[in-house]
Amino acid sequence: MQNDTETKIKQDILAEIQTLEENYKIIYGFIAGTDYDPSTIGTSMQTFKDSLSRASAYVLALYNLKGRRVNIPWESLFTSLDYALATLSTSATIKQRDAVRAILSMSQEQMGQVLSYFAALKESLKS
């Protein structure tokens, strides 16, 4: 039974990692200057945030299942994504998009760390 649960959690984590990677490409492109429609970047930010939340929960569940503890230090990234989403939702003017780009740019290093962590986790789950 525990093996089935662990297998399911690993599959869920891998699916969330794929979602994170796909949405990060759009966010990264936006930071780099690609002119996305505001709804596209808003959807990508929200999906990235939701997926990161689910992936973190699955990681906690997996470590719990193995009797280990883990700390998920993404809280400030969640806050930054919330600010960017709130800014974008108030208006989609050029100034708002520039503000969102700035917020995301300041969070880019942390998003990169998140993706590096999950890339390493993905490789470890394949073994």
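The buried residues of helix H3 pack against helices H2 and H4. This briefing concerns a predicted model of a protein chain with 4 helices and 0 strands. Read in sequence order, the chain shows the pattern α-α-α-α.

**The chain as a whole**

- The C-alpha trace of the protein chain extends about 55 × 20 × 20 Å along its principal axes.
- The protein chain has 127 residues, of which 38% count as buried.
- Among contacts in the protein chain with a separation of 6 or more, 74% come from residues 24 or more positions apart.

**Helix H3**

- Helix H3 covers residues 75-90, and its 16 residues should span 22 Å at 1.5 Å a residue; the end C-alpha atoms of H3 are 23 Å apart, which agrees with that expectation.
- The buried residues of H3 are Leu 77, Phe 78, Ser 80, Leu 81, Ala 84, Leu 85 and Leu 88.
- Viewed down the axis of H3, these buried residues fall within an arc of 160°, and therefore they line one face of the helix.
- Glu 75, Tyr 83 and Thr 90 lie on the other side of H3, where they are exposed.

**The contact between H2 and H4**

- In general, two packed helices are described by the angle between their axes and by the distance between the axes.
- Helix H2 comprises residues 38-65 and helix H4 comprises residues 94-126; their axes come within 12 Å and cross at roughly 35°.
- The crossing of H2 past H4 is left-handed.
- On the H2 side, the contact is made by Pro 38, Met 45, Phe 48, Leu 52, Ala 55, Ser 56, Val 59, Leu 62 and Tyr 63.
- On the H4 side, the contact is made by Arg 97, Val 100, Leu 104, Met 111, Val 114, Tyr 117, Phe 118, Leu 121 and Leu 125.
- By type, the residues in the contact of H2 with H4 comprise 16 nonpolar, 1 polar and 1 charged.

**Glu 6 in helix H1**

- Glu 6 belongs to helix H1, which covers residues 2-31.
- Glu 6 has a relative accessibility of 13%; because buried means under 20%, Glu 6 counts as buried.
- Leaving aside residues up to four places away in sequence, Glu 6 touches Leu 62, Leu 65 and Lys 66.
- Among these partners, Leu 62 is also one of the H2 residues in the contact with H4.

Notes:
Residues numbered from 1 in each chain as written. Predicted model: local features only at pLDDT ≥ 70, side-chain atom pairs only at ≥ 80, totals over all residues. Heavy atoms only, no water. Axes fitted to C-alpha atoms, helices over the stretch in contact; angles between N-to-C directions. Helix = DSSP H or I, 4+ residues; strand = E, 2+ residues; numbered from the N terminus. Left-handed = near helix turned anticlockwise from the far one by under 90°. Contact = heavy atoms within 4.5 Å. Nonpolar A, V, L, I, M, F, W, Y, C, P; charged D, E, K, R; others polar. Expected span 1.5 Å × (residues − 1). Buried < 20%, exposed > 50% of the residue type's maximum accessible area, 1.4 Å probe, protein only. Arc of directions from axis to C-beta.
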